[in-house]
Amino acid sequence: MIPYGKQDISQADIDSVVEVLKSSHLTQGNAGVLFENKLAKICAAKYAVSFCNATAALHSACLALGITKEDMVWTSPISFVASANCALYCNANIDFVDIDINTANICPNALAIKLSNIKSKKALPKVLIVVHMAGQSAAMRKLSAICKEYGIKIIEDASHAIGGQYEEKSIGCCLYSDITIFSFHPVKIITTGEGGAALTNNRELADKLILFRSHGVTQLPNLMENNEGPWYYEQVALGHNYRMTDIQAALGVSQLNRLDDFITQRHSLANQYDNAFNRSIWQPLTQLAESFSAYHLYIVRNTHWTKEEKRKIFIELRDKGIQVHVHYIPIHLQPYYQKLGFKLGDYPSAERYYHQALTLPLHPYLADKQQQYIINSLLDLS
Ligand SMILES: *Cc1c(COP(=O)(O)O)cnc(C)c1O
């Protein structure tokens, strides 16, 4: 089976991990600090805070922005469930903004319309979680302008998008957001096994992210109520143990050295797909002029498909040894979310997109011959 995604681990990556295993600190040591500093530098953000995974980073970002059960959070229905679950962990309310079917990212017009229809202040979201689907930044300039008007904070769920750019700046620089999240799960662009990070330019938010990562316990004078001496610490909030180990961070440092190469390889493979599907029934996601995708995923849409045809072709391709995928089943259609009151028909573009979209294998190990086999198999079907 040709997998849809796969990590690329070099000897340098292995050496980096072994070095930590032989050192004094397996967690809360130097490798963690190195990884955070390197990440902040690459993204041109002031602060990077590592986490045990992106879901923990999203949860902590919501907590840092003060999300409670009184609040409303909006996100995209076309994402992994974690983008919405993080709000539910805070007992907040969740709602979705429909996508632009051509990019699969939140549609700025849909956001503007949804906000203009709001009657009570309680329904106004405190935070919008913007997902950079497949590695391409959403239309951040427009989205942030709309959110500013209403005083809405923005978290970028850039789990797919490290190494990507928007308006020629690195995703993660937080120019149009309060906090940006990355995931380092093995199918993503770089990996730490499990891992995530939250980036921000705001010192207060960085302090809170660190606080919520470690039980809500702090030694920072500006966060403590008292100070009884050098041994003293305080629990000032209810946090979690969401820390990344130094073993993971060491892998992250080494993988970050390879980020540019990974992105170059992904672009070259994506270009080959683009050229091959030109004027076929397979439509790649539209790329905005101002965005440079990290190409976590290569997604094509077949706009002629019925639900039944898609099922048949999906199975046919899997039978041919091609691990195609679907990203994603709209979150509001999950049984858990249906029980919260969401219904089929709530977000028509997301639902239509779901029936049209197919993810093709894309990862640094994908050989030319394998890619040609995938391309031919798809063109044979059209
Ligand atoms: C992978 C992913 C997450 C969760 O990342 P973990 O590191 O596995 O917790 C969240 N959001 C999106 C869009 C993702 O793709």
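**Note on the cores, strands and helices of this model**

1. Residue I155 touches L58, A61, C62, L65, V127, L128, I129, V130, I179 and I181, with residues up to four places away in sequence not counted; contact here means heavy atoms within 4.5 Å. This is a predicted model, in which local features need pLDDT of at least 70 and side-chain atom pairs count only at pLDDT 80 or more, while totals for chains, interfaces and linings use all residues. Residues are numbered from 1 along each chain as its sequence is written, and side-chain values use heavy atoms, with hydrogens and water left out.

2. I155 is also among the residues with the most contacts inside the largest nonpolar core, together with I179, I181 and Y353, and this core has 53 residues. A nonpolar core is a set of buried Ala, Val, Leu, Ile, Met, Phe, Trp, Tyr and Cys residues joined through side-chain atoms within 4.5 Å, where buried means under 20% relative accessible area, exposed over 50%, and partly exposed in between, with a 1.4 Å probe and protein chains only. Elements that give two or more residues to this core include β1 (47-51), α3 (54-64), β6 (127-131), β10 (179-183) and α12 (348-356), and the largest share, eight residues, comes from α3. Another core, of 28 residues, lies apart from it and has V20, A161, A197 and A249 among its members. In soluble globular proteins, nonpolar side chains tend to be buried together.

3. Strand β10 deserves a separate point. Five of the five residues of β10 are buried, so this strand is largely enclosed by the rest of the structure. I179, I181 and S183 point one way from β10, whereas T180 and F182 point the other way. In a regular strand the side chains alternate between the two faces of the sheet. β10 pairs with β7 (residues 153-157) in the parallel sense over three bridges, with E156 opposite T180, and four bridges join β10 to β11 (residues 196-200), which runs antiparallel to it, with S183 opposite G196. Two strands pair if DSSP finds at least two bridges between them.

4. An open sheet of three strands has the order β9-β8-β15, with antiparallel pairing. Because β9 (169-170) and β15 (291-292) stand at the edges with a single partner strand each, one side of each is left without a neighbour in the sheet. Within this sheet, Y166 stands opposite K169 in β9.

5. Helix α13 (residues 368-381) has 14 residues, which at 1.5 Å a residue should span 20 Å, and its end C-alpha atoms are 20 Å apart, which agrees; the expected span is 1.5 Å times one less than the number of residues. Its buried residues are Q371, I374, I375, S377 and L378. They cover an arc of only 160 degrees around the axis, which puts them on the same side of α13, while D368, K369 and D380 are exposed on the other side. What covers the buried residues of α13 includes α9 (259-277) and α10 (307-319).

6. On the overall build, the protein has 13 helices and 17 strands, these being DSSP runs numbered from the N terminus, with helices (H or I) of at least four residues and strands (E) of at least two. The radius of gyration is 21 Å, close to the 21 Å that the globule rule gives for 382 residues, so the protein is as compact as a globular protein of that length; the radius is taken over C-alpha atoms, and the rule is 2.2 Å times the number of residues to the power 0.38. Of the 382 residues, 54% count as buried.

Terms used
The arc is that of the directions from the helix axis to the C-beta atoms.
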